Protein chains: 2
Amino acid sequence: MASSNTKFILDESKTPRAWYNIVADLKTPPAPALHPGTRQPAVPDDFAPLFPMAIIMQEVTGDREVEIPGPVRDAYLTYRPSPVIRARRLEKVLDTPAHIYFKYEGVSPAGSHKPNTAIAQAWYNKQEGVKRLTTETGAGQWGTALALAGALFGLEVKVYMVRASYDQKPYRRNLMEVYGASVVASPSPDTSYGRSVLAEHPTSPGSLGMAISEAVEDAVGRDDTKYSLGSVLNHVMLHQTVIGQEAILQMEMAGEKPDVIIGCAGGGSNFAGLTFPFAGQKLRGENDYRIVAVEPEAAPSMTRGTYEYDFGDTARMAPMVKMYTLGHDFIPAPIHAGGLRYHGMSPLVSQLRHEGVIEAKAVHQRPTFDAGVQFARSEGILPAPESCHAIRVAIDEALEAKEAGQERVILFGLSGHGHYDLTSYARYLSGQLEDYEYPAEEVREALEAVPAV
Amino acid sequence: MASSNTKFILDESKTPRAWYNIVADLKTPPAPALHPGTRQPAVPDDFAPLFPMAIIMQEVTGDREVEIPGPVRDAYLTYRPSPVIRARRLEKVLDTPAHIYFKYEGVSPAGSHKPNTAIAQAWYNKQEGVKRLTTETGAGQWGTALALAGALFGLEVKVYMVRASYDQKPYRRNLMEVYGASVVASPSPDTSYGRSVLAEHPTSPGSLGMAISEAVEDAVGRDDTKYSLGSVLNHVMLHQTVIGQEAILQMEMAGEKPDVIIGCAGGGSNFAGLTFPFAGQKLRGENDYRIVAVEPEAAPSMTRGTYEYDFGDTARMAPMVKMYTLGHDFIPAPIHAGGLRYHGMSPLVSQLRHEGVIEAKAVHQRPTFDAGVQFARSEGILPAPESCHAIRVAIDEALEAKEAGQERVILFGLSGHGHYDLTSYARYLSGQLEDYEYPAEEVREALEAVPAV
């Protein structure tokens with residue numbers, strides 16, 4: 001029976017002591033990553049210039065559980081466990097018999113789920129004597145999370161921030177600087193790759209691909225420095241599973257079993273974090289759920305892409321992985337959900353989709369903001385544009401349930417707040433937001449002129 | 001014995017069912033408000049054009065408890081109960097034997113404690129058939145809270161936002177608009193007072209005093225409209241006491257009794273909210289605490305002002321109240337803690353100060369940002385500049401305890417997050433922040449040229 005409470009918060013003693021590794025429950029073993037040069041299966045040493053060995057071993061492990069180190073759990077406690085909240089006011093506004101729950105990751109100091117892996121990565125690096133981390137950031141969510149993690153463990157952090165965002169989003173940059181990180185606009189004069197781009201295009205707005213190349217070059221070139229990635233790879237999915245493990249216990253507190261679990265998916269880390277622990281129960285035959293990944297129509301990797309080996313980055317420096325992809329040279333339309341503008345999808349999420357364990361849906365930009373504003377006005381919380389994708393589908397499910405007269409139980413992931421996205425909301429409110437079709441060849445050319453922000 | 005937990009979160013069943021009214025425990029009855037024209041004690045009808053009768057009765061009641069209506073409690077649950085968190089990482093950085101706890105109100109959707117009264121005020125207005133609320137806002141915290149409350153109860157909200165802030169803080173304005181409020185720059189063409197100012201000064205940057213005058217004129221001129229105020233008055237202090245009532249139970253969960261309780265004070269609502277329930281125990285002789293209000297050196301009403309009858313607003317339209325004041329024509333220096341730039345102090349807070357129940361301290365701007373950045377880097381949370389005043393004194397208390405080898409238990413109020421204050425942090429980090437002495441006559445003239453933001 002459903003609890004009469006609105007918020008469900010775990011006691012610290014019940015927070016997860018291990019991350020959950022879905023690889024242990026997959027029907028078929030995951031396809032190995034390939035070395036980008038030789039195209040042969042990559043071995044741990046291939047990753048050694050970039051990542052500490054503990055992270056590399058997590059990338060390839062088949063163990064179902066990986067213990068969370070004590071200091072990582074302690075640092076999680078600055079914001080975890082995050083709440084599961086029943087959206088009673090939204091249910092009322094929609095006049096639906098459905099019960100709508102959301103797991104809210106916007107309570108983290110960085111404003112999203114990203115610190116769940118940033119904290120783990122920073123700690124493992126610190127343990128192996130690394131003094132300094134480099135990374136790239138577009139809109140800034142990931143850079144902020146790594147800057148925070150660096151502050152908590154006393155590591156220097158250097159963030160290569162896409163020039164267009166650096167200029168347009170000074171607040172995100174300022175927040176990283178408050179945490180003590182050093183932030184530079186990419187392309188930058190700090191790497192030889194950056195200098196070569198600037199020599200040819202002094203006013204280049206930059207791109208995520210360029211910023212990755214700079215961060216990797218910086219890390220490879222210094223003994224005291226490693227590189228850190230915020231999505232796509234297996235160890236990132238692993239660290240995020242604290243979300244779903246908590247949610248399972250919180251839905252038990254609520255006295256309900258979700259019929260459908262919904263998350264937005266860009267590189268896949270938010271989606272995997274919430275849904276993998278539920279998907280594990282499904283794979284083991286313990287429970288059944290519908291699990292839905294929501295992506296933008298403008299970057300529809302799982303609904304319109306192909307499942308094949310591709311590069312993770314534009315410059316072909318990252319390992320090749322088997323995933324749903326729109327092609328590593330795909331340039332997404334400038335939608336405001338910056339975290340969903342990626343050509344590929346986490347290999348683990350891709351495999352679950354390929355094997356029919358999860359569903360995928362694509363939605364347009366304007367309907368996601370419709371949903372986000374309706375949510376803000378009923379529940380109070382301003383959602384990030386990425387999260388609005390999950391809200392859209394959750395509301396659609398609730399309306400379907402109303403149509404069908406069903407008491408459907410819906411759980412969705414609210415991956416972050418939108419306090420740094422208010423210019424996007426202002427554009428929506430003034431009617432200036434566009435929807436973008438998945439580009440045909442002729443549109444692609446036009447889009448290539450648009451800076452990635 | 002102190003609990004080993006880091007966060008203390010109440011079950012919903014234990015959240016307060018009544019607000020606590022400190023008037024019932026005061027040694028002497030509070031001095032009455034005076035009508036601004038006649039200077040005779042104001043009667044309830046004097047307030048009727050501005051406020052609904054339920055609020056007016058709360059303004060003057062002597063009852064110790066005022067029941068929180070069910071729909072208000074339900075709306076509180078969108079973000080309450082707020083956590084008490086032990087700042088274990090900060091304790092470690094300071095290497096202090098003190099135990100530092102903070103009550104975090106930044107979890108509200110508006111980012112501060114302000115919705116605690118905005119929600120109550122909106123509901124009482126709705127009950128009495130009011131369709132529309134007006135208010136003023138400077139930096140935007142209060143306007144955001146009332147916009148949120150209006151969205152939750154289906155009331156129109158019109159916010160007169162000081163022109164200088166309107167231009168410089170578009171994000172705050174956008175957030176109010178997402179909640180459905182209508183926001184106009186003040187002085188505006190929407191009121192006769194605004195038009196008269198604009199006729200003389202077409203480029204006026206506005207001031208809080210002007211914005212109040214516009215909001216009041218608007219409310220008085222329309223039958224369907226009332227006015228809403230976010231601090232100073234007794235009913236606002238009352239609504240905020242949910243903070244301290246929760247904190248008392250949470251400190252019991254933590255197994256500790258605070259030696260000192262600290263809050264920043266501008267108009268007094270954040271300070272009163274946290275400390276009045278503790279002060280009540282002190283007044284009733286049940287417990288003893290040191291209670292410290294922290295104000296800026298640039299607007300030191302309690303440490304440098306006089307305790308006398310004064311007007312609440314520059315234009316002398318608001319009732320006169322007995323309070324610590326720097327004079328209703330005082331123009332504070334442009335410190336970044338916009339919420340603390342007020343010439344007076346809540347009459348109830350003032351009386352407690354006058355009767356020696358609480359202490360007051362004034363601190364300079366730069367040391368507050370020193371404290372805020374140290375806090376952000378150890379605890380992760382970015383504090384609002386107002387809250388940094390409380391953090392400064394909490395850290396000083398912890399360092400004193402270290403000096404004295406004492407296990408002092410410190411509780412402070414973290415009234416809000418600083419995600420809309422990053423330009424202030426950027427100025428601090430780049431060394432551009434100034435400290436301001438309490439102005440002598442010669443400085444006052446120079447400051448009068450500075451727009452209030």
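Two bridges join β1(A) to strand β4 (residues 84-86) of chain A, and the two strands run antiparallel. A:Phe8 stands opposite A:Val84 in β4(A). Strands here are DSSP runs of E with at least two residues, helices are runs of H or I with at least four residues, and both are numbered from the N terminus. Two strands count as paired if DSSP finds at least two bridges between them.

This is a predicted model, in which local features need pLDDT of at least 70 and side-chain atom pairs count only at pLDDT 80 or more, while totals for chains, interfaces and linings use all residues. Residues are numbered from 1 along each chain as its sequence is written, chains are lettered from A and ligands numbered from 1 in the order in which they are written, and side-chain values use heavy atoms, with hydrogens and water left out.

**The sheets**

The strand pair β1(A) and β4(A) belongs to an open sheet of seven strands in chain A, with the order β1-β4-β5-β15-β10-β11-β14 and mixed pairing. Its edge strands are β1 (7-8) and β14 (359-363) of chain A, each pairing on one side only.

Chain B has an open sheet of seven strands too, in the order β1-β4-β5-β15-β10-β11-β14, again with mixed pairing. At its edges are β1 (7-8) and β14 (359-363) of chain B, and each pairs on one side only. Strand β5 (residues 99-104) of chain B runs parallel to strand β15 (residues 409-414) of chain B, and six bridges join them. B:Phe102 has B:Phe412 in β15(B) as its bridge partner. Strands of a sheet pair through backbone hydrogen bonds, either parallel or antiparallel.

**How the two chains meet**

How many residues of chain B are in contact with chain A? The count is 42, and they touch 42 residues of chain A. Contact means heavy atoms within 4.5 Å. Chain B and chain A bury about 3,700 Å² between them, with 57% of it on carbon and sulfur atoms. Buried area is the accessible area (1.4 Å probe) that two parts lose on being put together, summed over both. B:Arg89, B:Tyr171 and B:Val178 supply 18% of the area that chain B buries against chain A, more than any other three residues.

Helices α3 (70-76), α6 (141-153), α8 (170-178), α16 (365-379) and α18 (422-429) of chain B each give at least two residues to the side that touches chain A. By class, that side of chain B has 23 nonpolar, ten polar and nine charged residues. Here Ala, Val, Leu, Ile, Met, Phe, Trp, Tyr, Cys and Pro count as nonpolar, Asp, Glu, Lys and Arg as charged, and the others, Gly among them, as polar.

A salt bridge is a side-chain nitrogen of Lys or Arg within 4 Å of a carboxyl oxygen of Asp or Glu.

Chain B can be laid on chain A with an RMSD of 0.0 Å by a turn of 180 degrees and a shift of 0.0 Å along the axis. That is the relation of a two-fold axis. The superposition is by least squares on the C-alpha atoms of residues with pLDDT of at least 70 in both copies. Of the interface residues of chain B, 100% are also interface residues in chain A, so the copies meet through the same surface.

**Salt bridges within the structure**

Over all chains, the structure holds 37 salt bridges. A:Asp396 forms one with A:Arg392, the closest N and O atoms being 3.0 Å apart. A:Asp396 and A:Arg392 are separated by about one helical turn, because they are four residues apart in helix α17 (residues 385-404) of chain A.

**Backbone exceptions**

Most residues other than glycine have a negative phi, and most peptide bonds are trans.

| Cis peptide bond | Omega |
|---|---|
| B:Arg80 to B:Pro81 | near -10 degrees |
| B:Ser186 to B:Pro187 | near 5 degrees |

B:Pro81 is in the loop between α3 and β4 (84-86) of chain B. B:Pro187 is in the loop between β8 (182-186) and α9 (192-200) of chain B.
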